[in-house]
Amino acid sequence: MRVERPRLERAGDAAALAARLRGLAPSGGVVAEQVGEILARVRDEGDAAVLELTRQLDLDGDDPRALTVDPAALDAAREGLEPDVAASLAVTIANVGEVAAAALHEDREVELAAGQRVLLREVPVRRAAVYVPGGRAPYPSSVVMGVVTARVAGVEEVAVCSPPGAGGEVDPLVLAASALAGAVRVHRIGGAQAVAALAFGTESVPAVDVIAGPGNLWVTEAKRQVFGTVGIDGLAGPSDLFALLTDGADPEWAALDLLAQAEHGPATVVAAASPDGALLGGVAAALERLGAQRPTADPAAVVLVETADLEAALALAEAFAPEHLSLAGGGAEALAPRVRAAGCVLVGTGSATAFGDYVAGSNHVLPTGGAARFSSGLGPAVFRRRVSEVRVPPDAAAALAPPGAALARAEGFVLHAESMEARMRENRRP
């Protein structure tokens, strides 16, 4: 593990250093053409293409099972959970559900000066799917984050898609979490072909309205290409953590947080900043000691930035726009309200990032790659649409038609103008 110790003298130089930090994540390569070919095959050939691609890309053998898991297998996986894991999933489901419910908006009607009324009404999409990665490990927590949030949003049919592993089966932990969270079905499909099947529909896979959840480069590119046919939550890239350490932060806990985030893979970007050089030295020593004992953490580099002051440290955090921002030490509470660009802010020395990944109640599907400048974490809004209901009574029509018609004619839409002016006639119709 390489530990870098740059110094940031001025807040004005934060953007350049943030770009350097972003450059630590290795390029994923270009797969747009290959993904486009996969999408076209699945759109044209349906199940046959998905089965063949699954055999080629996801299985060691050549015996792909049916694309949808038997519901009895979900029940069996749920019943086979270890008691402590079952209890942990129950806590996570309850907390994520409660926080998601707090993000729902009530319908609201606005009456305007001329007398027209506009009702802002939120409605859920009918079908959604949550992609759950395979590969390094099973991710039942990602099942919960996606499925529970969609169900709280009011989606009736929530499916899970996850690549098959050994023997052509989805991991039992993913199946159990899907059953507990309320998924109606689980598909044994991974990669770009999974996104294609969910977007276009096949004989075995109903098309959905929204696809959410993280995935690899192929999944992300597939989501990019099907956006517009379906809605998506965002485009996930390598994970990252930025820790802003103030007086009183625990260097060993900070090191553990950085190493824990690095468990997401070698492309993970982990960094910390503080005006306290001695504190960063303590973090560096803890990283060397703890990292040698924990082989699951293997970041390309850990960057510890000594800054001229807290303002420069905050400027660097904002320029980096991290997926996770940890504020630790005595200055954490004062800094928290000033943060504008972060997927999730963990406030206080005890608020380990890992709590947010699992049981705190916040959602761990978050914007990466600096997208926290303009994007939010997964919430009910991803699975809901706002519909405007407009009611224009006769008096309001009479008041609004003249300015509306003038604007329509200015844009060259004569019939728009006439349509509004027709409502002004004395012989009004109901």
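The following legends describe close-up views of a predicted model.

**Figure 1. Overview of the chain.** The chain contains 16 helices and 15 strands. Its C-alpha trace spans about 85 × 60 × 45 Å along the principal axes. Of the 430 residues in the chain, 45% are buried. Among contacts with a separation of 6 or more, 74% are accounted for by residues 24 or more positions apart. The structure holds 0 disulfides.

**Figure 2. The largest nonpolar core.** This core has 35 residues. Those with the most contacts inside it are Val-143, Val-147, Val-155, Val-160, Leu-175, Val-186 and Phe-383. Two or more residues each are given to this core by helices H4 (71-79), H5 (83-102), H6 (140-153) and H7 (172-181), and by strands E5 (127-131), E6 (157-162) and E8 (210-212). Helix H6 supplies the largest share of this core, 7 residues. In soluble globular proteins, nonpolar side chains tend to be buried together.

Figure 3. When neighbours within four places in sequence are left aside, Val-155 is in contact with Pro-124, Val-125, Arg-126, Arg-127, Ala-128, Ala-150 and Phe-383. A second, separate core of 28 residues includes Leu-67, Tyr-131, Val-219 and Ala-222.

**Figure 4. The buried residues of helix H3.** Helix H3 is formed by residues 47-57, and its buried residues are Asp-47, Ala-49, Val-50, Leu-53 and Thr-54. These residues lie on the same side of H3 because they cover an arc of only 160 degrees around the axis. Helix H2 (32-45) and helix H8 (191-200) are among the elements that cover the buried residues of H3.

**Figure 5. Helix H9 and its two ends.** Within helix H9 (residues 217-226), the buried residues are Val-219, Thr-220, Glu-221, Ala-222, Lys-223 and Val-226. The buried residues of H9 pack against H2, E5, H8, E8 and strand E9 (231-232). At the start of H9, a side-chain oxygen of Asn-216 comes to within 3.1 Å of the backbone nitrogen of Trp-218. Just after H9, Gly-228 adopts a positive phi of about 110 degrees.

**Figure 6. The hairpin of strands E3 and E4.** Strand E3 (residues 108-111) pairs with strand E4 (residues 117-124) in the antiparallel sense, over 4 bridges. Arg-108 stands opposite Leu-120 in E4. The hairpin has 5 residues between the strands, and in it Gly-115 takes a positive phi near 110 degrees.

Figure 7. Asp-107 is placed in the loop between H5 and E3. With a relative accessible area of 43%, Asp-107 is partly exposed. Leaving aside neighbours within four places in sequence, the contacts of Asp-107 are with Leu-119, Leu-120, Arg-121 and Glu-122. A polar atom of the Asp-107 side chain lies 3.3 Å from the backbone nitrogen of Glu-122. Asp-107 and Val-123 are 16 residues apart in sequence, and their C-alpha atoms are 9.5 Å apart in space.

**Figure 8. His-324 in strand E13.** Strand E13 comprises residues 324-328 and contains His-324. Because its relative accessibility is 3%, His-324 counts as buried. The side chains of His-324 and Gln-261 are joined by a polar contact of 3.5 Å. With neighbours within four places in sequence left aside, the residues in contact with His-324 are Ser-239, Asp-240, Leu-241, Phe-242, Gln-261, Cys-344, Leu-346, Thr-353, Asp-357 and Leu-366.

Figure 9. Ala-321 is found in the loop between helix H12 (310-320) and E13. Its phi is near 50 degrees, a positive value in a residue other than glycine. Ala-321 counts as buried, because its relative accessibility is 0%.

Notes
Residues are numbered from 1 along each chain as its sequence is written. This is a predicted model: local features need pLDDT of at least 70, side-chain atom pairs count only at pLDDT 80 or more; totals for chains, interfaces and linings use all residues. Side-chain values use heavy atoms; hydrogens and water are left out. Buried means under 20% relative accessible area, exposed over 50%, partly exposed in between (1.4 Å probe, protein chains only). The arc is that of the directions from the helix axis to the C-beta atoms. Contact means heavy atoms within 4.5 Å. A nonpolar core is a set of buried Ala, Val, Leu, Ile, Met, Phe, Trp, Tyr and Cys residues joined through side-chain atoms within 4.5 Å. A polar contact is a pair of N or O atoms within 3.5 Å; within protein, one must be able to donate a hydrogen and the other to accept it, and residues adjacent in sequence count only if both atoms are side-chain atoms. Two strands pair if DSSP finds at least two bridges between them. A disulfide is a pair of cysteine sulfur atoms within 2.5 Å.
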